[in-house]
Amino acid sequence: MATLSLSSRPLTFLRPNRTKPPLHRLLRHKPLASSSASALTPPTPRADPSPTPDPDPTPLFLRSASHPVPAAALASFRRRAAALVPPSAPHLHRHLRWLLVDAAADPSSDPALLRAPLDDLEAMWTRHVRERRPFQYVVGNEHWRDLVVAVREGVLIPRPETEAVVDMIRKVEGFADGWWADLGTGSGAIAVAVARELGHEGRVFAVDVSEVAVEVATLNVQRYGVQGKVEIRHGSWFEPLEDVKGKLMGVISNPPYIPTDDLPGLQPEVGWHEPKLALDGGKEGLEHLLHLCEGLSSVLKPGGFFVFETNGNKQSEFLVDLISTKWNSSFHNVEAVLDFAEIKRFVTGYRR
């Protein structure tokens, strides 16, 4: 896959986009029942229905501005698009402005040069407003930390709270020259952000069972020029890491953690469009998290660090108690860490 330049991206779009609500605000929390701590076999990935493919899966801002449109026709589209927005949804007016910024090389010129035919923009906007398709899927990117991350249907949209894991690992002594695993890498956002902080010897092994995620993560790795530091591996959790067992300085994962029964309560933008493979954590949301806990000691070297994102408070507290008791001889300093909303979002610890 050819490396794509970011030079055509307006600089104003290099700031993080906070329009997506944090995932914990989209969920209905339920108390955790007691869970078995017995050894687990790898959870079976949950198949998603194949998403409807876009005519062009290239993120809008990376397409060539090769579609001239008269300024009057573009203004007419803007009026039609705005007319679809209900008064109760001012955020959609912001999305419309951003769509036009992404789509037009210079919207003030006449004719304007667009990166997609006007009919395609009309279809994109209609799906966003009427079908509740996430705006990130409409334009093909999400603003995350200082990155513009390519996304598309079949890949989880990175959330703002997940940005904190990069700051956590930067505090690990010697992190810059260590080997790290990003399990369930999705778009590759974490892997790319970590790789940009690493030294010459540092590496990230970005693992995902989804072929779509592997494709999108590869695109993001290439766009940011970190191919020499990120190795993308296709497979389930620890299975692709046999050759680096006991050598990893750290394991990072934002796994599926939503209880299956909570999935119908998600906002339509999430439940209707984002991949269940990346959302469904089984009956209590713990299926994949417990599997990760089981395999940690075999891949981390002594002193190695781990950080998992969870569904919040009760899930994190349960995992801290479990790791601190069942695997006390293998880990220390296990704790729940707050996100920016003061929710116990992460579980961290160190290999003895």
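Visitor: Why does Asn254 count as buried?

Guide: Its relative accessibility is 19%, and buried means under 20% relative accessible area, with exposed over 50% and partly exposed in between (1.4 Å probe, protein chains only). So 19% falls under the cut-off, and Asn254 is buried. Bear in mind that this is a predicted model, where local features need pLDDT of at least 70, side-chain atom pairs count only at pLDDT 80 or more, and totals for chains, interfaces and linings use all residues. Residues are numbered from 1 along each chain as its sequence is written, and side-chain values use heavy atoms, with hydrogens and water left out.

Visitor: Where is Asn254, and which residues does it touch?

Guide: Asn254 sits in the loop between strand E8 (248-253) and helix H8 (268-271). Those labels are DSSP runs numbered from the N terminus: helices (H or I) need at least four residues, strands (E) at least two. Leaving aside residues up to four places away in sequence, Asn254 touches Leu156, Thr162, Leu183 and Glu309; a contact means heavy atoms within 4.5 Å.

Visitor: What makes Asp167 and Arg145 a salt bridge?

Guide: The term asks for a side-chain nitrogen of Lys or Arg within 4 Å of a carboxyl oxygen of Asp or Glu. Here the closest N and O atoms are 3.2 Å apart, so the pair qualifies. Asp167 belongs to helix H5 (residues 164-170) and Arg145 to the loop between strand E3 (141-144) and strand E4 (147-150), so the bridge ties together parts 22 residues apart in sequence.

Visitor: Are those two partners buried, or are they partly exposed, and what are the values for each?

Guide: One of each. Asp167 comes out at 33%, which makes it partly exposed, while Arg145, at 18%, is buried.

Visitor: How many salt bridges are there in the structure?

Guide: There are 18. Another one pairs Glu197 with Arg170, at 3.6 Å from N to O. Glu197 is in the loop between helix H6 (189-195) and strand E6 (203-208), with Arg170 in helix H5, 27 residues apart. Then there's Lys344 with Glu317, at 3.0 Å. Lys344 is in strand E11 (residues 344-351) and Glu317 in helix H10 (residues 313-326), also 27 residues apart.

Visitor: What joins Arg127, Glu131, Arg133 and Glu153 into one network?

Guide: Salt bridges that share partners.

Visitor: How do you know that strand E10 pairs with E11?

Guide: Two strands pair if DSSP finds at least two bridges between them. E10 (residues 331-338) and E11 have six, so they pair, and they run antiparallel. The hairpin has five residues between the strands, and in it Glu342 takes a positive phi near 65 degrees.

Visitor: What makes a group of residues a nonpolar core?

Guide: It's a set of buried Ala, Val, Leu, Ile, Met, Phe, Trp, Tyr and Cys residues joined through side-chain atoms within 4.5 Å. The largest one here has 36 residues, and those with the most contacts inside it are Leu183, Leu241, Leu248, Val251 and Phe306. Helix H9 (287-299) is one of the elements supplying at least two residues, and H9 gives the most, with six. Apart from this core lies another, of 35 residues, including Phe175 and Val226.

Visitor: How many cavities does a search of the whole structure find, and what makes something a cavity?

Guide: It finds three of 30 Å³ or more. On a 1 Å grid over the protein atoms alone, a cavity is a set of points where a 1.4 Å probe fits but cannot get out. Points are joined across faces, edges and corners, and the volume is the space filled by probe spheres set on them. The largest cavity has about 440 Å³. Its lining counts 31 residues, with Gly184, Gly186, Asp208, Asn254 and Ala278 nearest the centre; a lining residue has an atom within 4 Å of a point. So Asn254, buried at 19%, turns up in this lining too.

Visitor: What is the omega of the peptide bond between Asp110 and Pro111?

Guide: About 5 degrees, and the bond is cis. Pro111 lies in the loop between helix H2 (90-103) and strand E2 (112-114).

Visitor: Why is Trp237 called buried?

Guide: Its relative accessibility is 9%, so it goes under the buried heading. Trp237 also has a positive phi of about 50 degrees although it is not a glycine.

Definitions and conventions: 1 Å grid on protein atoms, 1.4 Å probe; cavity = no way out; pocket = protein on both sides within 12 Å on 5 of 7 lines; lining within 4 Å.
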